[in-house]
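This report describes how the parts of the structure shown below are arranged and where they touch.

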Amino acid sequence: MAASMIGSKVERKEDKKFLTGKGRYTADITLANQTFAYFIRSPHARAKIKNIDTSKAKKASGVIDVLTAKELNEDKIGGLIAGWKIVSKDGTDMKIPPHPALASDSVNYVGDHVALVVAETLQQARDAAELVKVDYKVLKAVVNTGDAMNSESIHDGIDKNLSFDWELGDKAKTDEAFASADKIVKMTLTNNRLVPNAMEPRASIGDFNPSSEELTLYTTSQNPHLSRLVMSAFNAIHPEHKFRIVAPDVGGGFGSKIYPYAEDVVVAWAAKRLQRPVKWVCERTDSFLSDCHGRDHITNCELAIKNDGTVTGLKVDTIANLGGYASLFATVTPTYLYGPLVLGLYNIASAYCNVKAVYTNTAPVDAYRGAGRPEATYMIERLMDKAAKEMGMDRAEFRKKNFIRQFPHQQCLVHNIDSGDYEAHFNRALELSDYSNFEKRKAESAAKGKLRGIGFSTYIEACGIAPSAAVMSLGAGVGLWESAEIRFNATGNISVMTGTHSHGQSHDTTFAQIVADKLGVPMENIDLVHGDTDKGPFGMGTYGSRSLAVGGTAIAKACDKIVEKGKKVAAHMLEANPDEIEFKDGEFIVPNSNKKKTIGEIAFACYLPGTYGEIKSPLPEGVEPGLKETAFYDPVNFSFPAGSHVCEVEVDPTTGETKVDTYTCVDDFGNLINPMIVEGQIHGGLAQGIGQALYENAYYDETGQLVTASYMDYTMPRADNFPEFRIDYTCTPATSNPLGVKGCGEAGAIASPPAVMNAVIDAIGTEVSMPATSEKVWKALKDKSDTKKKAA
Amino acid sequence: MKSINLTINGKKISKEVEDYTLLSTFIRENLNLTGTHIGCDTSQCGACVVHVDGKSMKSCALLAADVNGAKVTTIEGLAENGKLHPMQEAFKKHHGLQCGYCTPGMVMSAVDLLKNKKNPSDKEIREWLEGNICRCTGYQNIVAAVKDAASKM
């Protein structure tokens, strides 16, 4: 066996199928006798439904049925749930409105689900949808995050549209820090609403087998086991043991496919009710309208600072938009994924964070790449930048002065950070970005009539989500451990089952590298199995940069169990003591002898425990045949990736156009299993974060119409929007898992918005909000010059 | 209904199609070649790019009936005799794909670029691929892959 697979840039096992058009996504699946579904959605942001007349549509050519809330209620199908309980500061539980899978008496955003037409062809379903007459009484929509608490309640019994008013931290201690501060720096920030935009639109196919009474749902999910649990336990679609969810190849998720949607519930139920396969594929505009969106915060924040630059206190006051209903992870995103992270990687002795979550007549908001952590990072890094400027300090030096320096470090809010070296990645980022020569480059840009700016951003995440005891004590409806099964076959190859799901993250390769390293079996003989509730053990899916730290560790632990059993069998076959057997590079060896067995031979013997020479059975007494081990892993703590990013932009003052000229990042993800894959994750995260900073914005007009509901209107970053990113790493291994890994999937999207915005603001010398489009930057520059003229 | 004759991935076919059938729909549903993907409904994302008479085209912006008589190559027709095209090899080597959804269109576009320009610069590659959206890779490894393929073709 060659050198360790861990840390190698191994090419991906999954690539060939995708490169040759053999990927199999949900929309690619065609079932015999399948029908086609089309959803009728609300064209209004807020309305009462007075009547739905489906009679004409039901008689249309090819129509099998038209289903509404009436039929849903007949079959006692439950509504969608919010999975994480948040308690307000006054001790009351969060307020959650009913969220039926098909609207019964009211609709609460444009795109809300009203009815389902099922027909023999998609064209027939669409044509018939036009014959469904929905009688709406249109009401005034509540759209803006900042106005929600002063507007009419959109849900009965939810005063001020307020779901919860949550707090974290020691308010009295923080007030003291502010009272004794030499300087207080304040700002108001908007974190713009984004649409995740996985390139594969959502899709679902329900298939009921009347013989076995099994219901199968093929769907675009990051988390099939959780979807099955929710749809069994809360939606009452079908008993869990007869319900199979298959998430085949999934074309990106970024958080938007973590939870079951109304469409999944309705399609699964329709297939069972109609006893025929029902296929639904979302169109892009419907994706814009009904996929959960991300971010959408308004925040007031302030820092208490001593004259020497030491930050002593932080206050954060945020209004978070939940949209029309509370989606599954909507309530944890602006609370426990946000509040504890507002300190960034700074050693701040006191902090207080208040989050008010409001309902509006917009698409539900839930986790999107980073989920809460980008919002926290944007807040603290914009605020630190402003504070440095107001203190007259160098922005880099001001940050360094306040870094946490000793580990483990108990933050004043929640987290106990096990490891890190923040100055190391920050200094490396300054070096790699050539900060010391910035002024020279700025002068060169000025000579061309361009404005050059530099921006810094540092971040810390809490990843490896789990640990179950911690998250459940904070309100999670489930534990977030992970499972794995290593199934050795008699012929020596291995199926690895994981409860995580890969939709771009390259698990097939990374996880196989771990197994190859642990068991000494070639990569080509190891296959990962995921995304099918019938195949692998229950698991908690992929999100929050958790898969490697939690799922990868479960795999490593299952491998350890295989070796443990293998040692017993090898010892028996080699007539040695199990304690003296060594396992190395796929061989069980009796030291100082030529006696050894390969792991393949042991697997074979475990499955075919016949006579082996002198030995009657290869299995010692008490050892069962077969070679298959399961492990569940629940870490003791989160992992804490961190890093430092530096962005340089050049702004054309005549057009307001901002070009990202250079982007440098130095991240500490702990140990890397496959650096090539990690790099790809960083690139993708950066593209999304830079997209948020400069281009992307989900914009609703005052009536609640989503104006940016197609790729013609919502600016998706393209290849020519980016420079070549400069990437480097530092490494302090995580202590919370034996692989020493921290997670890398979200870092780019977390760190880059403030790095870019700090650079833009540095360049133009005035505030501008995200996205810093040409129009906004041009206007900001004009306002600045108008103000100057007035003053003169 | 219209009767059309096409050469798809080197194979001659004759089919009846509705006048309104898009080439992308025809490829996916009538020919069951599901490697050509649909990512938007506005001809923006490029996941459906195929070659029509050797040129990269968004198949969602063409009617099947309008390409009657053409030679169409989809991602399934790019590898020859099981051997990956140098562009496919390069995407693999440089990790130019993650979820794989935009990949077929991206590869087909990139192959056409190299027909037009033997050794494109980074800037030329980025500008050419402006019609293909990828949400996973941040494009950097795609650019590296195209450059590498250019050096080998």
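Chain B is divided into domain 1 (2-76) and domain 2 (86-152), with bounds from an automatic or database domain assignment. This is a predicted model, in which local features need pLDDT of at least 70, side-chain atom pairs count only at pLDDT 80 or more, and totals for chains, interfaces and linings use all residues. Residues are numbered from 1 along each chain as its sequence is written, while chains are lettered from A and ligands numbered from 1 in the order in which they are written.

The assignment for chain A gives domain 1 (16-139 + 199-252 + 257-290), domain 2 (294-465 + 637-791) and domain 3 (482-633).

| Domain pair | Distance between C-alpha centres |
|---|---|
| Domain 1 and domain 2 of chain B | 21 Å |
| Domain 1 and domain 3 of chain A | 39 Å |

In chain A, 15 residues from domain 1 and 14 residues from domain 3 form the contact. On the domain 1 side, helix H6 (224-233) and strand E11 (243-246) of chain A give two or more residues each; helices (H or I, at least four residues) and strands (E, at least two) are DSSP runs, numbered from the N terminus. H6(A) gives the most to this side, with four residues.

Between the chains, the contact takes 43 residues from chain B and 42 residues from chain A. Helices H2 (86-93), H3 (103-116), H4 (122-128) and H5 (140-152) of chain B each supply at least two residues of the chain B side.

Technical notes: Two residues are in contact if their C-beta atoms, placed from the backbone, lie within 7 Å.
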